Amino acid sequence: TEMIQHCAGCGIALQTEDKSKLGFIPEAALEKEPLICQRCYRIKHYNESSSITLQQDDFLKLLGHVGQTKALVVKIVDIFDFEGSMISSLSRFIGNNPVLLVVNKIDLLPKVTNSNKIINWVQRRVKEENLKVVDIVLCSAKKNIGFDRVITAVQEYRGNMDVYVVGATNVGKSTLINRLISDYSDLDAELTTSQYPGTTLDLVKIPLDDGKFIIDTPGIVYKHRLTEVVKKRDLTPLMPDKPLKPMVFQLNAEQTLFFGALVRFDFIKGDHQSFTCYTSNAIQIHRTKLERADSLYEEHKGVMLTPPQQSDLEELPKLVKHPLHIPKGKQMDVLISGLGWIKVNSLAGAELAVHAPKGIKVITRESLI
Ligand code: GDP
């Protein structure tokens with residue numbers, strides 16, 4: 001019988017069978033000393049933490065564990081999908097621990113956007129969600145904007161506590177952690193992981209110079225985000241990687257916009273008005289008459305209306321209709337989680353309907369921009 005070997009970095013049992021599972025080590029690396037799993041190797045040599053993910057229930061268990069220790073919780077949300085990437089019921093699980101809210105992907109907002117206005121908007125949204133935060137920082141992990149502020153805020157609020165970094169998948173948590181690792185930590189110190197109760201999952205702990213740790217938690221998977229239900233190949237067009245160039249449509253009542261074959265937006269009733277679409281420019285928008293919308297979709301989905309391609313259509317959940325009422329006198333957005341949002345520009349009110357894949361979050365909100 002073979003002896004089970006363990007990673008010198010994190011202590012996990014090593015295996016050579018499955019790349020996607022914890023403890024993987026390439027066969028050839030077994031010859032080298034010290035024995036170190038691929039995940040630890042990547043962190044040590046490339047400053048790269050790989051993403052592991054969890055479903056909501058397991059994630060909340062993990063948070064419960066955080067609630068019993070004293071720690072700073074750094075919660076990352078994505079400005080492109082703010083409501084879709086907020087972790088609901090976070091406050092219930094993390095006890096009295098302070099929360100620093102890091103709003104990532106700020107580089108996606110059009111260049112002219114006033115950041116004080118964004119912070120104020122975030123503050124109001126956070127209040128509505130009953131989440132108490134010690135501070136809000138806007139940043140772009142990818143473009144290295146606002147990152148100094150993230151570092152100072154973490155230092156300021158952590159005191160001598162550990163730091164837990166939490167976020168939904170795709171908010172840019174790995175990108176941000178990787179920056180923290182390279183800016184911040186003493187990589188000569190040994191990497192360790194801690195198991196949390198009830199699972200076999202290890203958390204990567206990045207040592208800080210005072211003996212405390214930054215702890216990278218798994219990304220939480222939210223099935224209400226369009227980014228989680230499309231095929232991998234459609235993820236790239238769906239997620240913008242350049243500042244948004246909003247498209248403005250002047251519509252009459254009884255007109256419809258298609259966003260590929262993913263989402264349909266009906267303007268049912270209201271005065272002639274303009275709608276501004278903050279979606280990835282790789283998603284084509286088609287305008288048609290409401291009365292033509294059903295047949296257009298049937299005839300052209302997966303062909304003229306893409307993504308998804310025809311071969312992937314079957315796996316897309318059926319579209320479900322969300323009737324929406326935009327009241328008079330308020331500037332509102334319609335957010336379709338993962339796709340982006342549509343700003344209703346008129347203050348005269350409107351009756352709308354959004355058809356989105358079943359389970360995808362569709363909400364109205366005070367407009368962001
Ligand atoms: P994680 O799942 O939260 O760990 O997210 P990743 O760090 O893997 O990032 C998910 C996607 O978002 C990747 O395509 C990143 O390139 C992208 N991303 C991360 N940070 C930023 C950012 O600040 N701005 C933009 N535009 N994209 C980002």
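User: Between which two helices is the loop that holds Gln309?

Analyst: Numbering starts at 1 along each chain as its sequence is written. This is a predicted model, in which local features need pLDDT of at least 70, side-chain atom pairs count only at pLDDT 80 or more, and totals for chains, interfaces and linings use all residues. Helices are DSSP runs of H or I with at least four residues, strands are runs of E with at least two, and both are numbered from the N terminus. The loop with Gln309 lies between helix H10 (290-300) and helix H11 (310-313).

User: Is Gln309 buried, partly exposed or exposed?

Analyst: A residue is buried if 20 or more other C-beta atoms lie within 10 Å of its own, exposed if 12 or fewer, and partly exposed in between, with C-beta atoms placed from the backbone. Gln309 has 15 other C-beta atoms within 10 Å, so the class is partly exposed.

User: What distance separates the C-alpha atoms of Gln309 and Asp234?

Analyst: Along the chain the two residues are 75 residues apart. In the model, the C-alpha atoms of Gln309 and Asp234 are separated by 8.9 Å.

User: Which residues of H6 are buried?

Analyst: Helix H6 covers residues 147-158. Its exposed residues Asp148, Thr152 and Glu156 sit on the face turned away from the buried side. The buried residues of H6 are Val150, Ala153 and Val154.

User: Why do the buried residues of H6 line one face of the helix?

Analyst: The arc is taken over the directions from the helix axis to the C-beta atoms. Seen down the axis of H6, the buried residues line one face because they fall within an arc of 100°.

User: Which residue follows H6, and what is its phi?

Analyst: The helix ends at residue 158. The residue that follows H6 is Gly159, with a positive phi near 55°.

User: Which helix gives the most residues to the shell around the ligand?

Analyst: A residue counts as near if its C-beta atom, placed from the backbone, lies within 6 Å of the molecule. There are 19 residues around the ligand, and Lys142, Gly172, Lys173, Ser174 and Thr175 come nearest. The most, three residues, come from helix H7 (residues 173-184).

User: What is the mean pLDDT of the protein?

Analyst: pLDDT is the predictor's confidence in each residue, from 0 to 100. It stays under 50 over residues 188-200, while 89% of the protein's residues reach 70 or more. The mean is 87.

Key:
The expected span of a helix is 1.5 Å times one less than its number of residues. Two residues are in contact if their C-beta atoms, placed from the backbone, lie within 7 Å.
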